[in-house]
Amino acid sequence: MSELAIFGGEKAVKTEDEEIFKWPIVTREIEEKVLKVLREGKMSGTDVTEEFEKEFANRHGMKYGLACNNGTAAIHCALFGLKIGKGDEVICPSITYWASALPLYSLGASVVFADIDPQTLCIDPKDIERRITDRTKAIMVVHYCGYPADMDSILRIASKHNLKVIEDCSHAHGGLYKGRLVGTFGDVSAFSLMSGKSFAIGEGGILITNDREIYERAIIFGHYERHSKEITIDYLKRGAGLPWGGYKYRMHQLSSAVGLVQIKKYKKEMEEIDRAMNYFWDLLEGLPGIRAHRPAKNSGCTMGGWYSALGLYVSEELEGLSITRFCEALRAEGVPTIPGCNRALHLHPLFNEIDVYNDGKPTRIRNAKADIRQPKGSLPVSEGIQEKVFRIPWFKRFKPEIIKQYAFAFEKVVKNYKELLKEDKGNPEDFGSWGLSFRT
Ligand SMILES: *Cc1c(COP(=O)(O)O)cnc(C)c1O
């Protein structure tokens, strides 16, 4: 009989321990802080939120923090802060969550997608320059699934072409690029803080910046309740009192309360995750067919909280075994995994055909005042990436005995890959998903 569980062998993962995956970790202190806000009836206030903003900005060594009711709203405010408006183009990787790009539409702006680097899965700096036009205003950077993007190259390009940089740090809270925190490189940075992310406080988001005008513009856009206290710049003051965007983006203070505790304990929790995830990959070092999605150890770059951790798949080293079959065998061993990641945005009809605002033209084209559509074939790495990445278990605790069982499952499947070739039906035409949430 085969060793592989998919053919009736014994499962590699024998533990029933679910605690190793449980997230977020809700402590008594969080419960008490939340209850206090509830009991005092301060759910819609801003005092707890402002305290959280200060702490969060301070941790990053940044001057201003503005909390929002989710990460999408924080990105929207940040883009308005940068004065992105009618006819502007922002260059964004095609492999990311939709919120990195779609808030541009309602600003009258448009998105041009750049390809990703197949190792880092972040925007490929070499592809950015090719995409720059006289309408380009900014580069949207995403530190994808925790991997810090190549900021040196991106900042060089931005400064050469006089472009703004915005960092979407929703996957990489606390991650370092060459020893410096992600979120501190761009003109402004935005973070999702929703419960599935590694810095998890419930629905919520935050932007940070050192630029007073960006900060005030973000407030004028969607935080009318703070205008009288915060708006000092003349041209903004004239229109204060009502939100210019027509949006209300205030953070719920139950989330801010969680955030205040989370900010104290996150570093320690993140370090434990980092230790567990690196331990897992170290056990698998050198195995054919798979590679870690993590920066080199002496690079000063880290993966933060390893949000939605991925592995890279090299099918050629396993005689072309499909990633679909590979993941099936792993699931039989007890490993929570699926192939793929976020789908390539540039291929979705919303970026090609859909006329959101009844302008008689697809919104992306109308906003850019040029046909900037990017058909199939234009971003080859992004289009092929689904077959090259798979989810790995996202360990929140350092429990070597349990992690070893998961690593053993990978070892077993790789060593016995020949048996899997027989019934390999290949990959489906389309996989990956528009969001990354995934439960086993
Ligand atoms: C989650 C996420 C967002 C949006 O954040 P929400 O809090 O869900 O609105 C934006 N960008 C990326 C890359 C994300 O993963």
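1. Basis. The model is predicted, with local features requiring pLDDT of at least 70 and side-chain atom pairs counted only at pLDDT 80 or more, while totals for chains, interfaces and linings use all residues. Residues are numbered from 1 along each chain as its sequence is written, and side-chain values use heavy atoms, with hydrogens and water left out.

2. Tyr307 belongs to the loop between β10 (290–292) and β11 (310–313), and Trp394 to the loop between β12 (389–391) and α13 (400–415), so the pair ties together parts 87 residues apart in sequence. Helices (H or I, at least four residues) and strands (E, at least two) are DSSP runs, numbered from the N terminus. Tyr307 and Trp394 are both buried (under 20% relative accessible area; exposed is over 50% and partly exposed in between, with a 1.4 Å probe and protein chains only).

3. A strand-to-strand pair. Tyr313 and Phe390 are also edge-to-face, because their ring centres are 6.4 Å apart and their planes stand at 85°. Tyr313 is in strand β11 and Phe390 in strand β12, so this pair ties together parts 77 residues apart in sequence. Tyr313 is buried at a relative accessible area of 4%, and Phe390 is buried at 0%. Both residues belong to a cluster linked by ring pairs, whose members are Phe21, Phe280, Trp281, Tyr313, Phe326, Phe390, Phe395, Tyr406 and Phe410.

4. Charges over rings. The charged end of Lys396 sits over the ring of Trp394, 3.9 Å from its centre. Likewise, the charged end of Arg217 sits over the ring of Phe80, 4.3 Å from its centre. The criterion is NZ of Lys or CZ of Arg within 6 Å of the ring centre and within 35 degrees of the ring normal.

5. Packing of α1 and α9. Helix α1 (residues 28–39) packs against helix α9 (residues 253–284) at an angle of about 150°, their axes being 9 Å apart. Axes are lines fitted to C-alpha atoms, for helices over the stretch in contact, and angles run from 0 to 180 degrees between N-to-C directions. The two helices are therefore roughly antiparallel (over 145 degrees; under 35 is roughly parallel, 65 to 115 roughly perpendicular and the rest oblique). Residues of α1 that meet α9 include Ile30, Val34 and Leu38, and their counterparts in α9 include Leu254, Val258 and Val261.

6. Arg294. This residue lies in the loop between β10 and β11 and is buried, with a relative accessible area of 13%. Neighbours within four places in sequence aside, Arg294 is in contact (heavy atoms within 4.5 Å) with Tyr147, Asn278, Trp281, Asp282, Glu285, Met303 and Trp306.

7. Ala344 is placed in the loop between α10 (323–332) and α11 (363–368) and is buried at 8% relative accessible area. Not counting residues up to four places away in sequence, Ala344 touches Ser94, Ile95, Ser382, Gln386 and Trp434. Thr324 lies in helix α10 and counts as buried at 17% relative accessibility. Leaving aside neighbours within four places in sequence, Thr324 contacts Pro339, Gly426, Asn427 and Pro428.

Terms used. Phe/Tyr/Trp six-rings, centres within 6.5 Å; stacked < 30°, edge-to-face > 60°.
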